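Trainee: Could you show me how to read pockets and strands in a protein model? I would like to go through them step by step.
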Amino acid sequence: MVKKTAIQLSDIIYLESFLHEITIHAPFNDYKYSSTFNKMMSLINSTNIIRIQKSYAVNLFWVKEIYKEELLLRNGVTLKIGKKYQQDVLASYKEYLLK
(Lines give C-alpha, C1' and ligand atoms only; values in the text may rest on other atoms or scores of the structure.)
Protein backbone atom coordinates (compact mmCIF):
# COMPACT_ATOMS: atom_id res chain seq x y z
CA MET A 1 0.00 0.00 0.00
CA VAL A 2 1.36 3.40 -0.98
CA LYS A 3 0.79 6.19 1.49
CA LYS A 4 0.53 9.75 0.19
CA THR A 5 1.44 12.67 2.38
CA ALA A 6 1.18 16.38 1.61
CA ILE A 7 4.18 18.36 2.80
CA GLN A 8 4.29 22.15 2.88
CA LEU A 9 7.36 23.56 1.13
CA SER A 10 8.13 25.57 4.26
CA ASP A 11 8.33 22.29 6.23
CA ILE A 12 11.08 20.87 4.03
CA ILE A 13 14.39 21.35 5.82
CA TYR A 14 16.50 19.52 3.25
CA LEU A 15 16.39 16.77 0.66
CA GLU A 16 18.81 13.88 0.47
CA SER A 17 19.09 11.54 -2.50
CA PHE A 18 20.54 8.03 -2.60
CA LEU A 19 20.07 6.05 -5.80
CA HIS A 20 16.42 6.66 -6.70
CA GLU A 21 15.20 7.21 -3.14
CA ILE A 22 14.83 10.73 -1.84
CA THR A 23 14.53 11.46 1.86
CA ILE A 24 12.64 14.63 2.67
CA HIS A 25 13.77 15.86 6.07
CA ALA A 26 11.04 17.84 7.86
CA PRO A 27 10.83 19.14 11.45
CA PHE A 28 9.00 16.15 12.95
CA ASN A 29 9.42 13.40 10.38
CA ASP A 30 11.42 12.12 7.44
CA TYR A 31 9.59 11.04 4.30
CA LYS A 32 10.81 8.68 1.58
CA TYR A 33 9.99 9.27 -2.07
CA SER A 34 11.02 7.26 -5.13
CA SER A 35 12.22 9.53 -7.93
CA THR A 36 15.31 10.97 -9.51
CA PHE A 37 16.70 14.04 -7.82
CA ASN A 38 16.24 16.16 -10.95
CA LYS A 39 12.55 15.18 -11.22
CA MET A 40 12.03 15.99 -7.53
CA MET A 41 13.65 19.41 -7.90
CA SER A 42 11.45 20.12 -10.95
CA LEU A 43 8.37 19.02 -9.01
CA ILE A 44 9.22 21.31 -6.07
CA ASN A 45 10.08 24.22 -8.38
CA SER A 46 10.94 26.69 -5.61
CA THR A 47 13.70 29.30 -5.57
CA ASN A 48 13.96 28.80 -1.79
CA ILE A 49 15.03 25.16 -2.13
CA ILE A 50 18.44 25.01 -3.75
CA ARG A 51 20.86 22.29 -4.61
CA ILE A 52 24.07 22.39 -2.57
CA GLN A 53 25.67 19.25 -4.01
CA LYS A 54 24.82 16.36 -6.29
CA SER A 55 22.68 14.58 -3.69
CA TYR A 56 21.47 17.38 -1.39
CA ALA A 57 19.22 20.43 -1.56
CA VAL A 58 18.27 22.76 1.30
CA ASN A 59 15.46 25.13 2.09
CA LEU A 60 17.13 28.53 2.55
CA PHE A 61 14.67 29.37 5.34
CA TRP A 62 16.34 26.68 7.49
CA VAL A 63 19.92 27.92 6.93
CA LYS A 64 21.40 29.40 10.10
CA GLU A 65 24.98 30.03 8.98
CA ILE A 66 26.80 29.59 5.70
CA TYR A 67 30.49 29.14 5.04
CA LYS A 68 32.44 28.54 1.85
CA GLU A 69 32.31 24.72 2.01
CA GLU A 70 29.45 23.97 4.41
CA LEU A 71 26.31 25.31 5.96
CA LEU A 72 24.65 24.94 9.34
CA LEU A 73 20.91 24.47 9.53
CA ARG A 74 18.65 25.74 12.33
CA ASN A 75 18.17 22.15 13.54
CA GLY A 76 21.94 21.73 14.11
CA VAL A 77 22.66 19.65 10.99
CA THR A 78 25.81 20.60 9.04
CA LEU A 79 25.94 19.84 5.32
CA LYS A 80 28.85 20.12 2.88
CA ILE A 81 28.51 22.38 -0.14
CA GLY A 82 29.95 20.86 -3.31
CA LYS A 83 32.68 22.89 -5.02
CA LYS A 84 30.58 23.09 -8.19
CA TYR A 85 27.69 24.68 -6.21
CA GLN A 86 29.53 27.08 -3.85
CA GLN A 87 29.12 30.30 -5.87
CA ASP A 88 25.46 29.60 -6.68
CA VAL A 89 24.67 28.74 -3.05
CA LEU A 90 26.20 31.99 -1.77
CA ALA A 91 24.45 34.06 -4.45
CA SER A 92 21.09 32.38 -3.79
CA TYR A 93 21.43 32.85 -0.03
CA LYS A 94 22.28 36.56 -0.40
CA GLU A 95 19.30 37.02 -2.71
CA TYR A 96 17.06 35.16 -0.24
CA LEU A 97 18.16 37.41 2.64
CA LEU A 98 17.31 40.52 0.63
CA LYS A 99 13.70 39.43 0.02
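Mentor: Let's begin with empty space. Rolling a probe the size of a water molecule over the atoms shows where empty space is left. Here, the largest pocket has a volume of about 370 Å³. A pocket is an open set of points on a 1 Å grid over the protein atoms alone, where a 1.4 Å probe fits, with protein on both sides within 12 Å along at least five of seven lines. Grid points are joined across faces, edges and corners, and the volume is the space filled by probe spheres set on the points.

Mentor: Before we go on, this is a predicted model, where local features need pLDDT of at least 70, side-chain atom pairs count only at pLDDT 80 or more, and totals for chains, interfaces and linings use all residues. Residues are numbered from 1 along each chain as its sequence is written, and side-chain values use heavy atoms, with hydrogens and water left out.

Trainee: Which residues lie nearest the centre of the largest pocket?

Mentor: They are Thr 5, Ile 7, Ile 24, Tyr 33 and Met 40, from a lining of 15 residues; a lining residue has an atom within 4 Å of a point. Strand S3 (30–34) and helix H1 (37–44) are the elements that give two or more residues to this lining, and S3 gives the most, with four. Helices (H or I, at least four residues) and strands (E, at least two) are DSSP runs, numbered from the N terminus.

Trainee: And how do strands pair?

Mentor: Strands of a sheet pair through backbone hydrogen bonds, either parallel or antiparallel. Two strands count as paired if DSSP finds at least two bridges between them. Take strand S5 (residues 56–59): three bridges join strand S1 (residues 14–18) to S5 in the antiparallel sense, with Tyr 56 as the partner of Glu 16. Strand S4 (residues 49–53) also pairs antiparallel with S5, over four bridges, and Ala 57 is the partner of Arg 51. S4 and S5 form a hairpin with two residues between them.
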